[in-house]
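Here is a short briefing on one protein model. Look over the sequence and the structure before reading on.

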Amino acid sequence: MKGDLFSSQHMVQPAVEPGMSVENAKCIKYAVNGEMYARQGAMIAYRGGLKFERKGQGVGGMLKRAVTGEGLPLMAVRGQGEAWFAHEAQNCFIVDVEPGDQFTVNGRNVLCFDASLAYEIKTVKGSGIAGGGLFNSVFTGQGRLGLVCEGNPLVIPVSAQAPVYVDTDAVVGWTAQLQTSLHRSQSIGSMLRGGSGEAVQLMLQGEGYVVVRPSELTPQKAQQH
C-alpha cells in the first residue's frame, strides 16, 4: 500500500521501553509490562497478551470508587503488550509525578496512569456544592499520568502576589501548595442583559501552576462526561 496514510507520520513504532508515551497529539501508547489503569472505554487498539478488567467501585484505597463525582469508571490493564488510549480526539499530554509532588486533576481529564501512582478523591476546598469538579483526584507517588484536554491547555503560574481566577468548568488541574476558594463576580453576560447575576470562579492562591483548557464545558459535553 502507498499514500500519505501509510507514511512514517502515521505508522506506529515499536515501544522502546515499558510505560507511557505520546503516540501523537490525540493518542497515548502504553507498553504494558505488569499493570496500569485507564479510563473505561478509552482503549482504541492493543496487541499482545493483555487483559482488561472493569473497575466500578473498585477495591481498597486505589480503586475505591470512580475517579470523580462525575462518575468516571476505571479499568485495570494487565499482562504484556501495547495498548493505545484516546478520548473523543482530545489532545493528550503526560505529567511526570515525582516523589513529594501532588497534582490535583479533574476526573474528566484523566486518560490513563501508572499503577505506581496513588490517588484519593477529595472535595475541592472552598467549593461547597457549587464548585466545578466537586470531587477531584489528587495523585501522589512516582509515575506518569496521561491527560486529555479539548484544545491546547494553558499553564498559568500562580504566585502569592498574583492569585489566579479560573472558570470552574475550564480548570483541568493544579499543583500542590495552592489553596482554593470560590470567588463570585458579576458575569459579563448578566451585565450585558442589565441583570445583577453572579459568575463563580475558582480562586487559586499560593505558589504553583494551574492548568486550564481553552473552553468552557457545554451542557451537551457535561452530559457526555
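Four strands, β5 (91–97), β10, β13 (171–175) and β16 (208–212), each give at least two residues to the lining of the second largest pocket. The model is a predicted one.

**Second largest pocket**
- The second largest pocket holds about 240 Å³ of space.
- Its lining counts 13 residues.
- V95, F103, L147, V155 and V211 lie nearest the centre of this pocket.
- The lining has 12 nonpolar residues and 1 polar residue, with no charged ones.

**Nonpolar cores**
- Nonpolar side chains tend to be buried together in soluble globular proteins.
- The largest nonpolar core here has 17 residues. Within it, V105, F113, F139 and L145 touch the most other members.
- Two or more residues of this core come from each of β4 (74–85), β6 (103–105), β7 (110–114), β8 (117–123) and β10 (143–149).
- A second, separate core has 16 residues, including V32, F85, L111 and V148.
- Beyond its neighbours within four places in sequence, F139 contacts V97, D101, Q102, F103, V105, V110, F113, L117, A118, Y119 and L145.

- V22 counts as partly exposed because its relative accessibility is 43%.
- Setting aside residues up to four places away in sequence, V22 touches C27 and I94.
- V22 and C92 are 70 residues apart in sequence, yet their C-alpha atoms are 7.2 Å apart in space.

Definitions and conventions. Residues numbered from 1 in each chain as written. Predicted model: local features only at pLDDT ≥ 70, side-chain atom pairs only at ≥ 80, totals over all residues. Heavy atoms only, no water. Core = buried A, V, L, I, M, F, W, Y, C linked by side-chain atoms within 4.5 Å. Buried < 20%, exposed > 50% of the residue type's maximum accessible area, 1.4 Å probe, protein only. Contact = heavy atoms within 4.5 Å. 1 Å grid on protein atoms, 1.4 Å probe; cavity = no way out; pocket = protein on both sides within 12 Å on 5 of 7 lines; lining within 4 Å. Points joined across faces, edges and corners; volume = space filled by probe spheres on them. Nonpolar A, V, L, I, M, F, W, Y, C, P; charged D, E, K, R; others polar.
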